[in-house]
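The sequence and structure come first.

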Amino acid sequence: MIPEKYVSLAKNDSSKDKSGAFSLFDIENFIRRIIKNWYWFVLMFFLGYTLSWVYSKYYAQNIYASNLSLSVSNNTASYFTPNQSINFIWGQGGNQDGIYLKKMLLSRSHNEFLVKELGLFVNFSTKGTLKSTYLDKNDSPVFLEIDKKHLQQVNYPITLLPKGNNTYEVVLPEEGHSGNLYNYEIEGYQNITEFPKPANKVVKLNEWFTTPNLRFKLVANPVKPTIKLDNIIVNLETVNQTVNGIVSTINVDFDKEINTIMIITKTGFNLNGTVNFLNKSVAELQKKRLADKNVINKNTDVYLQNSLNGIRKKLDSSALVLNYLKTSEKLYDIKDRDEKSLNKIKDLEAKKADLLSKLSSLNSIKNTIDNQNFERMISTSAAGFEDGLFSASVSELKALYLKRREMATIYKPNSEPMIEINRLINEAKLGSSNSLRNYYTHYYDEINKINNEVATANADLVSYPEKQRKYLDAERGYNMIEATYNSLLGRQNEAQMKVATNQSDITVIDPAKNLGQLPVGPNKKGTEFGIIGGLLFLPLLFIFVGEVLDNKVRNIKELLGVTKIPLLGVIGNNNNENMLTVLQSPKSSVSEAFRGIRANVRFLLNESQKSKTILITSSIGGEGKTYVSINLASVLGLSDKKTILLGMDLRKPKIFGDFNIDNKYGISNYLTGEVSIDQIINSTKIPNLDVATSGPIPPNPSELLMSEKNIEFLDKLKEMYDFIIIDSPPVGLVADSYELMKHSDANIYVVRHEYTEKYMLKMITEKYHNQEVGNLGLVYNDYNTRQGYGYGYGYGYGYGYFDEDKNYKEPLLIRFRNKIQQILGKK
């Protein structure tokens, strides 16, 4: 952005509107930072890869899965399922039996039974040099059998070391023994008094090992394991802990095409363990279902037989009345009978009799639930419906009542656990009652409809004489009782048939097998990507946060786009010990940059003026305004222009040190009238360059710089020199420079790369666009030229043109690119 001549005269309101604000996030600088810190990403990548490899190799436990598929028939009549706690989900009515069985498989009671039956609360593992491996019970040469009457410490690893001759050393942890012990009989914790750490001991098979917190014996595995173990680690868990762990690893799905086929999947750290558990779980479920169904059907048979006995008496009594009317009243041959109406009434009353029979069965089911007499529960088929969800609710209710009886021996009636179990019972009762209420409503609605139709049909029989109507009523009563009897008899035959031919409604299609299945987890690739990605994200996050919080100027393009102030030049890093770069390194790129600034400054100056005053300032100290002043003055002096450098930063004198000039007398002394002008002007090694230092720090620097004497001083110098370079105070700290700018012909504002804060440029930008400051240009200082300027400026290294090129070494990526091009013959 080279300034045009007299650019200050061309500014208008539109340029003011175009100036903006620095962006919160500079994507270009963000990418540059990432490239600059590439080594962190490489380090994090290798660290992540190493960690993921170590994890996969030595710490990740393989997870195996086995499957079992079974078919569920739709003719189940069982909801009386002992010891089953079903937290079922309403819905999916098209496969109620399957939903019911799914809940049974996932129920606490069913899995608790398996845990106790198989002793799954005893876990086996073995430890290698770095990694522990979980074992199936049958992989261990010995089983650990606990004494359930003795309190046991759970989650307390017991190490068994084979010692030969069927003996094992029991090694207990050095720390961790506790008096808070678990009782397997009541499934709760109890506390005992403190005791010292139990000693290790060598025990034989079937010999009891007894300590205050443990009591068990080792029993030989009847099947000799195929692998030899140097150690066996046994860990006891609570029943509840084991059940929760098992349920979380079981998944039940239904076949998409045939929803009565269930696919049960069990995952675990040992394949044999998952296989054995699935087969045992389904086998126990089959046994329970068959036994439960037989109990229900037998209860139903007894109930229906009792009902038939009662109905038979009524049927016999009704037959006697009908026969009496036939013989004594001679009403067996009624003329002009309306057979159509009579048959219609007969059919309607037969239906009504069937509904009343079902209502009676429904009342029996309701009374059984209300009285908690579940042992006498009959099948819902006796009441004319099959409802798996209702069966599940009754099963859950029964289990909850049983659980409450167990808890009542431990907890007080008003304790929190008892309040919670009562709440669950009420919810289950409400669920079963709602189901029954629906059937009651349906049956009563049907009976009311039948009564209305019968009343309509009776209207056609009003014309019959009283005796004939009496006979017809007796005949209808007999037919209705007979229909009830036949309905009960049919349902009894159905119940007896079920008892005789009953089989489990669960058929295993494919049992679980160990087919050498590969592990299904953990996702080692996913873990690897997660670890590596997470570690790579850390430096990215730090760089991003640093970029967002960073308020320093780092991008020349953004600087010019925001300020809209002309750029005079870019100064690279100063590698010299002092600030006389142009004098000591005249062939350097930095010196060339100052020559470029010298050429660009003329666009801000009026060439018709004999003497030109250039003021150099910045936002704060440390941005390089003195450095720019010294070297710009040196460049002008070397170009045969009579130049003087004025140190007008009276608060912080600097120039005298670089030129080895005594600062005893300077501009401050002259402005106070202590010395003459000749006494403060000092010559330098450059014939055309003089320097006037600031002198001792005065008590009133602002007053001196804004005094008439200082104006006169500048006017005198204009008569003596072609260029006057003013090293002025920073405008971000004091307002002196703004007053001096009124008497300067050009103003240079120094911005230092990665040092100047963005907000510091707001004031000078506003004054520039408000035309309070004219003939202004920017100098970007201390830029790393190897980064590239990002705007089109800079001189570049690597071409043998500047002094720095002899020490220049191309970046690794550039050298790699050049090497590839050389191999491919493109260079």
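How many bridges join strand 13 to strand 14? The pairing is taken up under the first heading.

## The sheet

This is a predicted model, in which local features need pLDDT of at least 70, side-chain atom pairs count only at pLDDT 80 or more, and totals for chains, interfaces and linings use all residues. Residues are numbered from 1 along each chain as its sequence is written, and side-chain values use heavy atoms, with hydrogens and water left out.

Strand 13 and strand 14 (residues 261-268) are joined by 5 bridges and run antiparallel. Strands are DSSP runs of E, at least two residues, and helices runs of H or I, at least four, numbered from the N terminus; two strands pair if DSSP finds at least two bridges between them. Valine 252 is opposite isoleucine 264 of strand 14.

The open sheet has 4 strands in the order 13-14-1-15, paired antiparallel. Strand 13 (250-254) and strand 15 (506-510) are its edges, each pairing on one side only. From one strand to the next the twist averages 30°.

## The helix pair

Helix 4 (residues 38-59) packs against helix 13 (residues 524-549) at about 155°, with axes 8 Å apart. Axes are lines fitted to C-alpha atoms, for helices over the stretch in contact, and angles run from 0 to 180 degrees between N-to-C directions. Helix 4 is therefore roughly antiparallel to helix 13 (an angle over 145 degrees).

The contact (heavy atoms within 4.5 Å) includes Trp40 and Phe41 of helix 4 and Ile531 and Pro539 of helix 13.

How values were computed:
Parallel < 35°, antiparallel > 145°, perpendicular 65-115°, else oblique.
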